[in-house]
Amino acid sequence: MASLRDVKTKIGAVKKTKQITKAMNMVASAKLRNAQGRIERFKPYAQKFFEMLGDLAAGADESVHPLLAKREEKKTVGIVIVTSDRGLCGSFNANIIKAALKLAREKRAEGLGVKFYCVGKKGRDAVRKAEYEIVVQYRDIMGSFDFTVASKLGNELINAFLDGTLDEVVLCYGEFISMGRQVPVAQIVLPISGTPGEAAGSGKEYVYEPSVEGLLAELLPRFVKVQVYRGMLDTSASEHAARMTAMDNATRACDDMINALTLLYNKTRQAAITRDLMDIVGATEALK
Amino acid sequence: MSKKLLLEIVTPDRKVLSQDVDYVGAPGALGEFGVLPNHIPFLSALGIGNLYYKDGGRTHYVFVSGGFAEVNPDKVTILAEAAEKATDIDTERARKAQERAQQRLARAQEKVDNARAQAALRRSLARMSCRTSGEKAGTC
């Protein structure tokens with residue numbers, strides 16, 4: 001049986017762990033509120049953007065712009081994996097990584113080359129371990145990023161797609177559905193197909209300047225960036241939500257453990273007292 | 001004549017402006033265009049430059065870059081990658097950006113770098129001129 005002192009130290013340790021997990025929970029909840037606010041602020045832009053694109057794309061088909069063209073013969077697939085920089089958020093990162101690596105294996109089985117673009121440290125580490133080629137990596141940015149990062153990555157993807165280095169680009173990120181639910185999503189970004197705005201177009205007749213093609217040439221690359229940005233925003237919100245849940249569970253587990261250990265402590269203490277009493281009684285009996 | 005236009009400027013990070021105005025002048029890709037209430041529906045790409053709007057006789061300036069304008073009879077929506085009201089522009093930062101861009105232009109060998117530096121230079125110049133125009137109009 002564990003000694004009294006051991007149990008006591010253990011209780012102390014668990015209590016300290018609980019303090020940390022509780023603090024992390026609170027920090028994550030504050031950050032989550034922040035991240036959700038950013039998603040909210042991004043919504044009007046995205047909505048308006050899709051509407052505009054919908055109006056424009058209504059009459060356009062694949063031949064209008066190279067970013068829309070599906071390639072008959074695919075050689076290389078680019079996978080953008082957006083994860084968090086830090087761990088301790090349950091299975092959140094693992095799920096995204098699993099989805100991305102599964103996709104990579106499938107593509108490889110089809111005889112295609114796979115190249116990775118990594119945003120976030122956790123995804124980068126996993127991809128490196130799996131020994132896939134990493135073209136670009138962005139680390140330690142999930143804490144504070146803005147549209148320029150998405151813009152830079154978007155440009156890189158577009159250039160690679162246009163000069164034929166990549167024939168398809170898939171974006172893997174953690175979609176934020178609710179506090180309790182974050183789902184890894186793999187979405188084809190390039191070639192652009194079925195713009196979500198198609199149904200949302202307002203159906204009004206516009207005068208276009210410079211021209212429909214000219215505007216599409218401006219809008220489509222930005223569409224890629226908007227998608228990348230949304231992936232990053234979602235991942236960041238999901239990360240904090242996942243961490244909150246994980247830390248909440250951890251805090252509760254600590255409580256349970258403290259209870260169990262306190263019980264053990266008291267039992268041990270009682271046993272020790274009983275033993276001492278027996279000794280004393282035995283000794284006085286012997287002296288009589 | 002009391003009819004007004006609703007001007008909305010949104011960027012990916014926030015809503016910069018949402019206000020009823022009398023007139024909007026925007027830097028279109030093919031040159032500046034002006035919008036009064038009851039304009040026909042119109043969609044245009046925007047260049048880097050200054051957008052201005054008139055409200056109650058005062059002219060306000062807003063810097064925009066990389067955006068689109070959607071004009072409807074009673075509403076103008078601007079979608080921009082970056083947009084700042086003249087009052088929010090940091091001239092000191094813009095001046096530094098200008099110097100950086102000029103240095104890079106002097107060194108740049110590659111075409112890509114050159115184009116990028118030029119765009120940065122244009123942005124910083126537009127920012128500064130936006131601030132000056134705003135100060136001249138007495139709105140910042």
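**Close-up views of a two-chain model**

**View 1. The surroundings of A:A242.** Setting aside the neighbours up to four places away in sequence, A:A242 makes contact with A:C89, A:G90, A:F92 and A:Q182. Please keep in mind, here and in every view below, that this is a predicted model. A:A242 belongs to helix α5 of chain A, which covers residues 212–287. Is A:A242 buried or exposed? A:A242 is buried, because 26 other C-beta atoms lie within 10 Å, and the cut-off for that class is 20 or more.

**View 2. The open sheet of chain A.** In what order do the 5 strands of this sheet lie? Reading across, the order is β3-β2-β1-β4-β5 of chain A, and the pairing is mixed. The edges are formed by β3 (133–138) and β5 of chain A, each of which pairs on one side only. On average, neighbouring strands of the sheet are turned by 20° against each other, with direction ignored.

View 3. Let us start with the parallel case: strand β1 (residues 76–82) and strand β2 (residues 113–119) of chain A run parallel and are joined by 7 bridges. To find your place along this pair, look for A:V82, whose bridge partner in β2(A) is A:V119. For the antiparallel case, turn to strand β4 (residues 168–178) and strand β5 (residues 181–190) of chain A, which pair over 9 bridges. Here A:G174 has A:P184 of β5(A) as its bridge partner. β4(A) and β5(A) make up a hairpin, with 2 residues between them.

**View 4. Helix α4 of chain A.** This helix covers residues 147–162, which makes 16 residues. From first C-alpha to last, α4(A) reaches 22 Å, close to the 22 Å expected at 1.5 Å a residue. Which residues of α4(A) are buried? They are A:F147, A:A150, A:S151, A:L153, A:G154, A:L157, A:I158, A:A160 and A:F161. After the helix comes A:G164, which has a positive phi near 85°.

**View 5. Where chain B meets chain A.** The contact brings together 20 residues of chain B and 21 residues of chain A. On the chain B side, the elements that contribute two or more residues are β5 (42–46), β7 (58–72) and β8 (75–85). β5(B) gives the most, with 4 residues. Sorted by class, this side of chain B has 11 nonpolar, 4 polar and 5 charged residues. β5(B) also takes part in strand pairing between the chains: strand β6 (residues 207–209) of chain A pairs with β5(B) in the parallel sense over 3 bridges. One residue pair to look for is A:E209 with its bridge partner B:S44.

**View 6. The two domains of chain A.** The domain assignment gives domain 1 as 4–24 + 246–287 and domain 2 as 30–245. Their centres, taken over C-alpha atoms, are separated by 51 Å. Domain 1 brings 5 residues to the contact and domain 2 brings 7. On the domain 1 side, the largest share comes from α5(A), with 4 residues. By class, that side divides into 3 nonpolar, 1 polar and 1 charged.

How values were computed. Residues numbered from 1 in each chain as written. Chains lettered and ligands numbered in written order. Predicted model: local features only at pLDDT ≥ 70, side-chain atom pairs only at ≥ 80, totals over all residues. Contact = placed C-beta atoms within 7 Å. Nonpolar A, V, L, I, M, F, W, Y, C, P; charged D, E, K, R; others polar. Pairing = 2+ DSSP bridges. Expected span 1.5 Å × (residues − 1). Buried ≥ 20, exposed ≤ 12 C-beta atoms within 10 Å, placed from the backbone. Axes fitted to C-alpha atoms, helices over the stretch in contact; angles between N-to-C directions. Domains from an automatic or database assignment.
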